[in-house]
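Start with the view below, then read on.

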Amino acid sequence: MKPKTGHDVVDALLYAAQRVRTSADASLREYGLSLPAYKLLRSLEDADQSMREVSEILHVSPRTVTDMIDSLEARGLVARGPHPADRRITLLRLTPDGRRQLAAAAALAERSHTAAMGGLSSQEQQTLRRLLDQVAPADQVVSAEQVAPADQLAPAADQAAPVADQAAPAVDNRDI
């Protein structure tokens, strides 16, 4: 089902991203990895990283990284180790089995990515990439406070729902 944000282009972008993620995740699961686990292994491919660094690379909470590492470590794909200069920091590294699993999974991911982009010519892919690079650069994202003064955003005191009735926003970590 397509998302409905009220903006056709944003909806198309979100739906395309969801289809690519779902396809890549399904391909990787055939080899025993989720897309998030694959991305975590990729973050360790070139160098050991701290838990905090992995959290920042993947844009997920440190707790999420801990849960993922627990699972990958139990499977022998990742190992924890001490930082050579700061004993407060735990470094993560790929094990030899993790490197083998990553290499095999990378081939699956590449096939999935090729299939996802197969309907576009090389030139169209370059154009798409250039356009996507222009979408919501981090330094240009507009906050709600920039759109309207804070007193216009908050409901009036007599219209505010009790705090107990307000649900926390859902977090979607499927694309990590």
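Two residues are in contact when heavy atoms of theirs lie within 4.5 Å. With that cut-off, Ala 109 is in contact with Leu 28 and Tyr 38, leaving aside its neighbours within four places in sequence. The model is a predicted one.

**Overall build**

The protein has eight helices and three strands. Along the sequence they follow the pattern α-α-β-α-α-β-β-α-α-α-α. The chain holds 176 residues, and 25% of them are buried. Take the contacts between residues at least 6 apart in sequence: 51% of them join residues at least 24 apart.

**Helix 1 against helix 5**

Helix 1 covers residues 8–29, and helix 5 covers residues 96–117. Their axes are 9 Å apart, and the packing angle is about 150°. The crossing is right-handed. Both helices supply residues to the contact, as the table shows.

| Helix | Residues in the contact |
|---|---|
| Helix 1 | Val 20, Ser 23, Ala 24, Ser 27, Leu 28 |
| Helix 5 | Ala 105, Leu 108, Ala 109, Ser 112, His 113, Ala 116 |

Of the residues in this contact, seven are nonpolar and four are polar. None is charged.

**A closer look at Ala 109**

Ala 109 sits in helix 5. Is Ala 109 buried or exposed? Buried means under 20% relative accessible area. Ala 109 has 2% relative accessibility, so Ala 109 counts as buried. The C-alpha atom of Ala 109 is separated by 8.5 Å from that of Asp 25, although the two residues are 84 residues apart along the chain.

**Helix 3 and its cover**

Helix 3 runs over residues 51–58. Which residues of helix 3 are buried? They are Met 51, Val 54, Ser 55 and Leu 58. Seen down the axis of helix 3, these buried residues fall within an arc of 105°, so they line one face of the helix. Their cover includes helix 2 (35–43) and helix 4 (62–74). It also includes strand 1 (49–50), strand 2 (78–82) and strand 3 (90–94). Just after helix 3 comes His 59, with a positive phi of about 60°.

Notes. Residues are numbered from 1 along each chain as its sequence is written. This is a predicted model: local features need pLDDT of at least 70, side-chain atom pairs count only at pLDDT 80 or more; totals for chains, interfaces and linings use all residues. Side-chain values use heavy atoms; hydrogens and water are left out. Helices (H or I, at least four residues) and strands (E, at least two) are DSSP runs, numbered from the N terminus. Buried means under 20% relative accessible area, exposed over 50%, partly exposed in between (1.4 Å probe, protein chains only). Axes are lines fitted to C-alpha atoms, for helices over the stretch in contact, and angles run from 0 to 180 degrees between N-to-C directions. A crossing is left-handed if the near helix is turned anticlockwise from the far one by less than a right angle, and right-handed if clockwise. Ala, Val, Leu, Ile, Met, Phe, Trp, Tyr, Cys and Pro count as nonpolar, Asp, Glu, Lys and Arg as charged, and the others, Gly among them, as polar. The arc is that of the directions from the helix axis to the C-beta atoms.
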